[in-house]
Amino acid sequence: MASERPLPPTQLRGAESGREFSHPGGRCRPGSGLLQISNQHNAEASTLEPTFFKMAEVDVNLDHVIPTTIIPTYCAKLLVAFVSFVCFAHSYDGDFVFDDSEAIVNNKDLRAETPVGDLWHHDFWGSKLSSNTSHKSYRPLTILTFRINYYLSGGFHPVSFHIVNILLHCSISVLMLDVFSILFGGLQYTSKGRRLNLAPKSSLLAALFFAVHPVHTECVAGIVGRADLLGALFFLLSFLGYCQAFRESNKEGTQFSTFWVLLSILLSAVAMLCKEQGITVLGFNAVFDALVISKLNVLEIVQKVRHKDKSLEAINYNYYYSLNAWLLLCPWWLCFDWSMGCIPLIKSVSDWRIIALAALWFCLIGLICQALCSEDNHKRRILTLGLGFLIIPFLPASNLFFRVGFVVAERVIYLPSIGYCVLLTYGFGILSKHTKKKKLIAATVLGILLINMVRCITRCNQWRNEDLLFRSALSVCPLNAKVHYNIGKNLADKGDQTAAIRYYREAVRLNPKYVHAMNNLGNILKERNELQEAEELLSLAVQIQPDFAAAWMNLGIVQNSQRRFGEAEQSYWTAIKYRRKYPDCYYNLGRLYADLNRPLDALNAWRNATFLKPEHTLAWNNMIILLDNTGNLAQAEAVGREALELIPNDHSIMFSLANVLGKAQKYKTFQFPTAFSLIVPHAWNSLPPPHLCLLASFKSQESEALFLKAIKANPNAANYYGNLAVLYHRWGNFDLAKKYYEVSLKLDPLAPGTKENYNLLKRKLEQLQTNSV
């Protein structure tokens, strides 16, 4: 039980600020100093007054930065929420950009047909964790929130996804008021168990610094950044839960709360399932327990422990740390990706960038020395906790314990920026204490907040679409091959192949082993019939990365175009070897077998494609066409109906099935194209005797209905009108036949089959007119 008499002021040097949240921790010891849980009654209120002002020393120093009148808690929270919302609201109507496509749009885990249980066996991108190609990033709870977003918004509407991210950041920023109040003011409670906020000014300023920091833009404006937001949210809740474990439980004394500790541990597990970085809250809780709750004297321990020299990490990793620190200090040059040549390696100690390493470690060592050796307990606690928040959450991305897939990433600084805000606010407090130019300090703080807000708004605008995002990176990282690759891909998707080639070539020049750029460039060159260079690029890509299945498949397409069928078949099977479930490769293999006049092998390959990907329209269409042209109309009809049942709104399948149903016998042959599919002659020819047109069957009527539905779905397809015209021609409905022939020829004047049938119809009409006269 804690002592009933007032503690001397020297034992209460920290200031408390913030909200009443919980945090897991060790046992409270009577008279433990930095953590004091008051059990005094109203009669002892007079002893709290001097204690409060002693602990609020940092707040006193900030009197000229924040008005002397303390803002009520609810007003402070509204202010922080409003400021954070203003900074990032501009991103609400942005597109799905960069990694959003793979993690959200192309992720089957978001769709209703995927069982929710599968989320626990898949990585962040929807691949099985057991797969060799899995990224191994395990964030099932984040994916679950994406799935809920998808369900509630009725599809992939980015606005709802962005709004959730903005609200999450606003909530975290408000929560920071409570966190900073504890970091600056420590833990102290009233007799009724209400935690005191002993540093309201410091916590408000630090929360504002956090809310408007531009480095957070990637997490907020990029939808995949939700993993970092959710991880941070539950990290903070776990920390606050740990603190809550030590609040007063009765009027007679204090009692350690097992419930809050267990809840804090549970929240840390939730944080980890949102983002792997969340598990670091356990480390920070341990530091908090040692320094604040257990009142461990680190200085004494350091003096007793024998130090052993440790070799420094590679110079380049240290430089990466300094870049992360610079992004916190000056978040003006921001980039969506910092890999692939964005940061040239340091190859000599004469490189001027060594200065950045020296500056980083000089500052860190200075802060660590102050945190460990200062005689001021309050100063030691704030600096240690600030450094703890700066360093501990950053450890998973530091490459110290295991390799990660990036060198610098703005999203991983979201949690460490809390420590930066603690140190910055404390620094301004110390500066304000030791200088007479109070107005200058106040103007500097206000200037930082305003500049950061402007930078947040402009950066959010760059995240609104991929074109703006990728091009903004050129000014920051002109040597980044991935930036050029993404710009090229974006241009290729828009149909600007010439410009895309230029950027892809630059990506390969900057990174001669960039196999994905080689693959995409080879694809474009293949489409432009520049087959030799395309083959060279794709062959080089598979030499560099032998298991690159997509490059093997594309190489097979090039070889097939060169009529080197044996090599193409081998390339296709190599692709399937490295990616067994590869429907597009089976589809292209079927095209090869069709070219080789091996219809059974072609049908088997296309059937495999539709088994692996039931919505594979091209494979379904080619099966219908091949069966039709080989005279297997019953099988063609069965396949067409099966396809239409799986893909009921696909106009190309409607068209193919309509052709099959509309046939009663062989007609004059003419060709019609199916985009990217096998161009197979489709039979309609010499028109039947007129009396057969009166015997239109149910299938013919169904054929007409399918033709009309296909035309409604795709009104610019000339061959759809042409084949419907043939159907009417056969029926003897010459007026409608003439109408649809003319529409078809208007859309495609060079269609030979349609033109020939139209001439037949005109001659027939002239003959009928002559006979009637």
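Trainee: How do I read accessibility here: does Asn529 count as buried or exposed?

Mentor: The general idea is that buried means under 20% relative accessible area, exposed over 50%, and partly exposed in between (1.4 Å probe, protein chains only). Asn529 has a relative accessibility of 59%, so it counts as exposed. Before we go on, this is a predicted model, in which local features need pLDDT of at least 70 and side-chain atom pairs count only at pLDDT 80 or more, while totals for chains, interfaces and linings use all residues. Residues are numbered from 1 along each chain as its sequence is written, and side-chain values use heavy atoms, with hydrogens and water left out.

Trainee: Where is Asn529 found, and what is its phi?

Mentor: Helices (H or I, at least four residues) and strands (E, at least two) are DSSP runs, numbered from the N terminus. Asn529 sits in the loop between α21 (515-527) and α22 (531-544). Its phi is near 65°, a positive value in a residue other than glycine.

Trainee: What about phi of Asn597?

Mentor: Phi of Asn597 is near 60°, again positive in a residue other than glycine. Asn597 lies in the loop between α25 (583-595) and α26 (599-612), and it counts as exposed because its relative accessibility is 65%.

Trainee: Now a helix residue: is Gly722 buried or exposed?

Mentor: Gly722, in helix α32 (residues 718-731), has a relative accessible area of 2% and is therefore buried. Contact means heavy atoms within 4.5 Å. Leaving aside residues up to four places away in sequence, Gly722 touches Tyr741, Ser744 and Thr754. Gly722 and Lys739 are 17 residues apart along the chain, with 9.8 Å between their C-alpha atoms. Leu364 in helix α14 (residues 354-373) is at 15% relative accessibility, so it counts as buried too.

Trainee: How do I read a helix pair, and at what angle do α18 and α19 pack?

Mentor: Axes are lines fitted to C-alpha atoms, for helices over the stretch in contact, and angles run from 0 to 180 degrees between N-to-C directions. Helix α18 (residues 466-474) packs on helix α19 (residues 481-493) at an angle of about 150°, with the axes 9 Å apart. That makes the two roughly antiparallel; angles under 35 degrees count as roughly parallel, over 145 as roughly antiparallel, 65 to 115 as roughly perpendicular and the rest as oblique.

Trainee: Which handedness does that crossing have?

Mentor: A crossing is left-handed if the near helix is turned anticlockwise from the far one by less than a right angle, and right-handed if clockwise. α18 passes α19 in a left-handed crossing. In α18, the residues in contact include Phe470 and Leu474; in α19 they include Ile487 and Leu491. By class, this contact has 6 nonpolar, 3 polar and 3 charged residues (Ala, Val, Leu, Ile, Met, Phe, Trp, Tyr, Cys and Pro are nonpolar, Asp, Glu, Lys and Arg charged, and the others, Gly among them, polar).

Trainee: How do the axes of α6 and α16 cross?

Mentor: Helix α6 (residues 158-185) and helix α16 (residues 416-433) have axes that come within 11 Å and cross at roughly 55°, so they are oblique to each other. α6 passes α16 in a right-handed crossing. Met176, Phe180, Leu183 and Phe184 of α6 meet Ile418, Cys421, Val422, Thr425 and Tyr426 of α16. This contact has 8 nonpolar, 1 polar and no charged residues.

Trainee: How many helices and strands does the protein chain have?

Mentor: The protein chain has 34 helices and 4 strands, and 53% of its 773 residues count as buried.
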